[in-house]
Amino acid sequence: MPLITLDNISLSFSDKPILDGISSTIRKGDKIALIGRNGEGKSTFMRVLAGAISADDGKLKIKKGTKISYLEQALPQDNDKKLFDIVAEGLGNIGLILTEYQHLISSGNLDEAGDLQEQIDQLNGWQYLHKIEAILNRFTLNPEAVLSTLSGGWRRRVMLARALIQEPDVLLLDEPTNHMDITAILDLEKILKDFHGTLVLISHDRSFVKGIVNKVFDLDRGKLSVFDCGYVDYVKRKDDQLHAEEMANARFDKKLAQEEVWIRQGIKARRTRNEGRVRALKTMRDSFINRRKKQGSVKIHALDDENRVSKLVFEVKKISYQIAGLQLVKDFSMLVLKGEKIGIIGGNGTGKSTFIKLLLDELQPDSGNIRRSKTIKLAYFDQMRENLDLNMKAMDFVSEGRERIDIGGKSKHIIGYLRQFLFTGKQAMAPIRMFSGGEKNRLMLAKILSQPANLLVLDEPTNDLDVETLELLEEMLVDYTGTLILISHDRTFLNNVVGSTVVMDGDGVINQYAGGYDDYLIQKQDKLDAQKTKAVPKQKVKSKSASQKLSYKQQQELDKIPEKIEKLEIEIGEIQLQLSDPVFFQQDESQDVLIKLAQLEAKLEILYEKWSEFE
């Protein structure tokens with residue numbers, strides 16, 4: 001029996017149908033990607049499944065006893081609760097009791113805590129205390145930290161822990177990877193692969209989705225299509241479907257043109273025209289208006305006279321920077337030349353946005369210096385949407401109140417320009433507060449990409465965007481002739497756009513690699529192998545004299561280290577052979593292998609450190 005059945009569900013906002021007679025089933029073990037353009041109603045669909053809103057018509061049937069957990073796209077901002085309390089809330093009443101018990105113990109009210117202890121005993125609640133502690137550890141969360149002090153990525157981890165602790169039958173996740181670093185995304189991917197319940201997932205991260213789902217729900221103009229396959233096969237089938245629709249549209253356009261000619265015939269023909277045929281023509285025109293439009297072809301507005309731009313954009317010489325004793329950049333140097341496309345990755349809190357501010361002269365390094373081209377014309381996309389006035393009309397935000405804007409030397413009407421970013425004329429004249437998260441991001445991109453610039457800085461531009469807009473943005477950035485600096489956690493996006501990747505490893509350590517994310521993984525491993533090859537002979541030579549000073553137990557441990565190192569290096573070498581195969585990254589288990597590789601490397605590093613200590 002299905003866990004959830006949707007029977008002819010319909011829901012409209014104003015005059016726009018969001019869900020139009022949707023019928024489907026969600027079964028145990030389904031791992032579903034919910035895909036659709038921004039503004040199509042994906043989050044609304046999720047809220048209907050979660051019971052947060054009711055449909056206008058139709059029936060939502062949920063199997064009795066089915067537990068549903070929902071992570072919304074928007075995260076709590078001004079929540080001053082401790083992380084323990086927030087995660088415990090996911091358990092319901094017993095979670096609230098355990099929270100109160102913890103507070104009483106912390107404040108020294110032992111008598112009142114004793115009363116609650118009896119209640120917890122009766123409810124067999126101590127197991128849940130261990131469960132809370134375990135999931136906090138799993139997500140590396142400090143139970144005493146306050147939610148409002150955390151970054152977006154860490155807040156999302158907290159809410160994920162809260163959702164998962166319920167052990168739901170159905171888990172609903174709306175953009176769970178937003179603001180997360182790549183390491184956290186890989187970890188979440190593994191958690192969701194191992195999750196035994198049913199999953200419905202909205203995500204713009206194609207690599208993430210590809211590794212998890214076994215079914216796709218495609219929401220398009222209020223209608224739901226079900227693809228009983230993984231994401232890769234869905235993309236192929238959807239392309240075939242859209243091609244068939246294009247062919248049908250071509251036949252439709254021919255018939256519409258013929259009918260338009262007929263209706264415009266002379267007075268006599270109009271007097272005697274068939275009213276049924278006129279109604280049919282009106283239906284055809286309405287159908288044409290509602291047709292799915294393909295993404296427009298948009299070029300980023302580069303400066304007209306690119307020859308005047310200096311070939312050197314940034315020269316970074318041995319810069320260091322720290323905040324409150326935390327080293328973010330240490331003795332780092334690099335050159336950024338005209339036309340380069342550079343990706344920046346790193347864990348939350350490693351200083352990616354700070355590094356951008358150093359480059360742009362918004363912060364000054366503690367030591368070292370940065371030489372900048374005097375001809376830089378900057379366009380900057382900020383991940384927190386700080387520049388959005390929600391009461392402003394979309395068209396005024398992009399054009400700054402002008403009716404026409406200059407794009408590539410040509411004057412364009414602002415509504416025509418916004419249509420290339422899939423905004424209708426009605427949307428262009430609407431206030432920004434009416435837009436979804438993805439539509440706001442798309443609007444900001446429309447503004448940024450209309451500005452004449454030879455340096456484009458994008459800080460997490462892919463958050464909330466639909467896949468079509470992502471692919472359009474990729475094409476635009478590949479064709480862009482200026483310099484691009486891109487912070488992103490989207491592995492596929494990085495692979496498709498950047499020519500080199502700057503990796504912020506933490507503690508001020510920064511390295512630069514040629515190519516995208518997958519290229520970085522391979523080169524990082526090659527670099528580690530080269531270092532180990534050089535280090536081993538030297539250590540072996542020293543060991544004879546050093547070993548004379550060791551105790552018997554230490555000597556025994558030292559003797560075993562080379563054999564352990566050899567085994568680990570053989571295992572790592574086997575994984576590296578897999579990495580060198582281009583097909584490897586298309587396989588579902590590729591992320592598990594990468595996580596295993598990281599664990600093996602960590603073990604190997606510990607062994608080398610021990611070896612050094614003994615010598």
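I take buried to mean under 20% relative accessible area, exposed over 50%, and partly exposed in between, with a 1.4 Å probe and protein chains only. By that cut-off D181 is buried, at a relative accessible area of 7%.

**Entry: ground rules.** I am working on a predicted model, in which local features need pLDDT of at least 70, side-chain atom pairs count only at pLDDT 80 or more, and totals for chains, interfaces and linings use all residues. Residues are numbered from 1 along each chain as its sequence is written, and side-chain values use heavy atoms, with hydrogens and water left out.

**Entry: salt bridges.** I count a salt bridge when a side-chain nitrogen of Lys or Arg is within 4 Å of a carboxyl oxygen of Asp or Glu. My search of the whole structure returned 24 salt bridges.

I began with R157 and D181, which form a salt bridge with the closest N and O atoms 3.5 Å apart. R157 sits in helix α6 (residues 152–164) and D181 in the loop between β6 (170–174) and α7 (182–194), so the pair ties together parts 24 residues apart in sequence. Helices (H or I, at least four residues) and strands (E, at least two) are DSSP runs, numbered from the N terminus. R157 is buried, with a relative accessible area of 11%.

I then took E315 and R371, whose side chains meet in a salt bridge at 2.8 Å, N to O. This pair links distant parts of the chain, with E315 in strand β10 (residues 312–323) and R371 in strand β13 (residues 367–372), 56 residues apart. E315 is buried at 16% relative accessible area, whereas R371 counts as partly exposed at 47%.

K447 belongs to helix α16 (residues 437–448) and E400 to the loop between α13 (394–399) and β15 (404–407), so parts 47 residues apart in sequence are tied together. K447 is buried, with a relative accessible area of 14%, but E400 counts as exposed at 58%.

I also noted a network of salt bridges linking E189, K193, D205 and R491.

**Entry: helix α7.** I list I182, A184, I185, L186, L188, E189, I191 and L192 as buried in α7.

**Entry: the β11-β10-β13 sheet.** I count two strands as paired if DSSP finds at least two bridges between them. Here 3 strands form an open sheet in the order β11-β10-β13, with antiparallel pairing. Its edge strands are β11 (326–337) and β13, each pairing on one side only. Neighbouring strands are turned by 15° against each other on average, direction ignored. Axes are lines fitted to C-alpha atoms, for helices over the stretch in contact, and angles run from 0 to 180 degrees between N-to-C directions.

I found 8 bridges joining β10 to β11, and Y321 has V329 as its bridge partner in β11. Helix α12 (residues 352–359) packs on the sheet and touches β10, β11 and β13, its direction making about 125° with that of β10. Contact means heavy atoms within 4.5 Å.

**Entry: strand β19.** I find 6 of the 7 residues of β19 (residues 500–506) buried, so the strand is largely enclosed by the rest of the structure. With strand β12 (residues 341–346), β19 pairs in the parallel sense over 5 bridges. With strand β20 (residues 509–514), β19 runs antiparallel, joined by 6 bridges. T501 is the bridge partner of G343, and Y513 is the partner of T501 in β20. The β19 and β20 hairpin has 2 residues between its strands, and D507 in the turn has a positive phi of about 60°.

**Entry: positive phi.** Most residues other than glycine have a negative phi. I looked up two exceptions. A324, not a glycine, has a positive phi of about 50°; A324 is in the loop between β10 and β11 and is exposed, with a relative accessible area of 86%. E400 has a positive phi near 60°.
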